[in-house]
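Here are my notes on the model you sent over.

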Amino acid sequence: MTREQKNQEIANLAETLSSNGIIYLADISGLDSSNTSKLRRMCFKKEVHIKMVKNTLLAKAIEKVEDKDFGEIPTVLNGSTSLMISETGNVPAKLIKEFRKKEEKPLLKAAYIDESVYIGDDQLEMLAALKSKDELIADVVSILQSPAKTVISQLQSGKDKLSGVVKALADREE
């Protein structure tokens with residue numbers, strides 16, 4: 001790789017890091033070609049972009065990104081590193097967890113999710129349990145709908161009369 005190509009790759013990696021809020025670093029070394037293909041297919045289906053990167057180039061790209069603090073992530077840049085980019089914070093963690101039901105790898109090296117840094121494979125369970133924006137919105141909508149559903153059911157049980165609703169709600173309070 002020429003110096004020019006390296007500089008271009010560093011610039012491309014810096015742009016990728018700067019423009020994405022969810023970045024996972026994983027170690028997929030040791031996977032044979034068949035399992036690597038399976039992992040790549042799973043990533044494609046789940047809309048996770050995966051790319052092998054050179055640690056030295058990634059470290060220089062991290063230095064170039066001024067608008068984010070990657071904390072201790074440069075300390076894990078050794079061995080084989082794959083960059084996983086997603087729109088949803090928990091999808092790469094769930095994907096890794098699912099793939100590891102049959103294989104020992106990939107191992108989670110680090111993750112950067114909306115300004116938070118997670119280091120080490122021991123963070124995988126917690127990252128997989130994070131709720132996505134859509135899941136949080138669904139929870140909030142469900143919570144907000146609960147009182148409305150209660151009032152509607154009270155109306156129906158009180159024969160659509162306001163006094164019936166008040167009586168039913170009073171009975172419920174007791």
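1. Start with the helix pair α2 and α4: the two pack at an angle of about 145°, and their axes lie 11 Å apart. The crossing of α2 past α4 is right-handed. On the α2 side the contact uses Asn35, Lys38, Leu39, Met42 and Cys43, and on the α4 side Leu95, Glu98 and Phe99. Do keep in mind that this is a predicted model.

2. The chain has seven helices and five strands, and they come along the sequence as α-β-α-β-α-β-α-β-β-α-α-α. Of contacts between residues at least 6 apart in sequence, 75% link residues at least 24 apart. Of the 174 residues, 39% are buried. The accessible surface is about 11,200 Å², and carbon and sulfur atoms account for 51% of that.

3. Next, the sheet. Its five strands form an open sheet in the order β2-β3-β1-β4-β5, and the pairing is antiparallel. At the edges sit β2 (49-53) and β5 (116-119), each pairing on one side only. Ignoring direction, neighbouring strands are turned against each other by 20° on average. As a reminder, strands in a sheet pair through backbone hydrogen bonds.

4. Have a look at two of the strand pairs. Strand β3 (residues 81-85) pairs with β1 in the antiparallel sense over four bridges, and here Tyr24 stands opposite Met84 of β3. β4 and β5 also run antiparallel and are joined by four bridges, with Ile113 opposite Ser116 of β5. The hairpin of β4 and β5 has two residues between the strands, and Asp114 takes a positive phi near 45° there.

5. Which residues touch the most other members of the largest nonpolar core? They are Tyr24, Leu39, Cys43, Met84, Leu95, Ile113 and Leu127, out of 23 residues in that core. At least two core residues come from each of β1 (22-27), α2 (33-45), α4 (91-99), β4 (107-113) and α5 (124-129). The most come from α4, which gives five. Another core of 20 residues lies apart from this one, with Ala14, Val53, Leu77 and Ile85 among its members.

6. Met84 deserves a click of its own. Leaving out residues up to four places away in sequence, Met84 touches Ile22, Ile23, Tyr24, Ala26, Cys43, Val48, His49, Ile50, Pro92, Leu95 and Ile96. Tyr24, listed there, is also the residue opposite Met84 in the strand pairing. Cys43 and Leu95, also listed, both take part in the contact of α2 with α4.

7. Back to α4, then. Which of its residues are buried? Val91, Pro92, Ala93, Leu95, Ile96 and Phe99 are. These buried residues pack against β1, α2, β3, β4 and α5. When you look at the spacing along a helix, remember that an α-helix has 3.6 residues a turn, so residues three or four places apart point the same way. Leu95 and Phe99 are both buried, and both also belong to the contact with α2.

8. Last, helix α1 (residues 3-19). It lies across β1, β2 and β3 and runs at about 40° to β3. If you are turning the model on screen, β2 is the edge strand of these, and in the sheet order β3 comes between β2 and β1.

Terms used:
Residues are numbered from 1 along each chain as its sequence is written. This is a predicted model: local features need pLDDT of at least 70, side-chain atom pairs count only at pLDDT 80 or more; totals for chains, interfaces and linings use all residues. Side-chain values use heavy atoms; hydrogens and water are left out. Buried means under 20% relative accessible area, exposed over 50%, partly exposed in between (1.4 Å probe, protein chains only). Contact means heavy atoms within 4.5 Å. Accessible areas come from the Shrake-Rupley method with a 1.4 Å probe; for residues, only the protein chains shown count as cover. A nonpolar core is a set of buried Ala, Val, Leu, Ile, Met, Phe, Trp, Tyr and Cys residues joined through side-chain atoms within 4.5 Å. Two strands pair if DSSP finds at least two bridges between them. Axes are lines fitted to C-alpha atoms, for helices over the stretch in contact, and angles run from 0 to 180 degrees between N-to-C directions. A crossing is left-handed if the near helix is turned anticlockwise from the far one by less than a right angle, and right-handed if clockwise.
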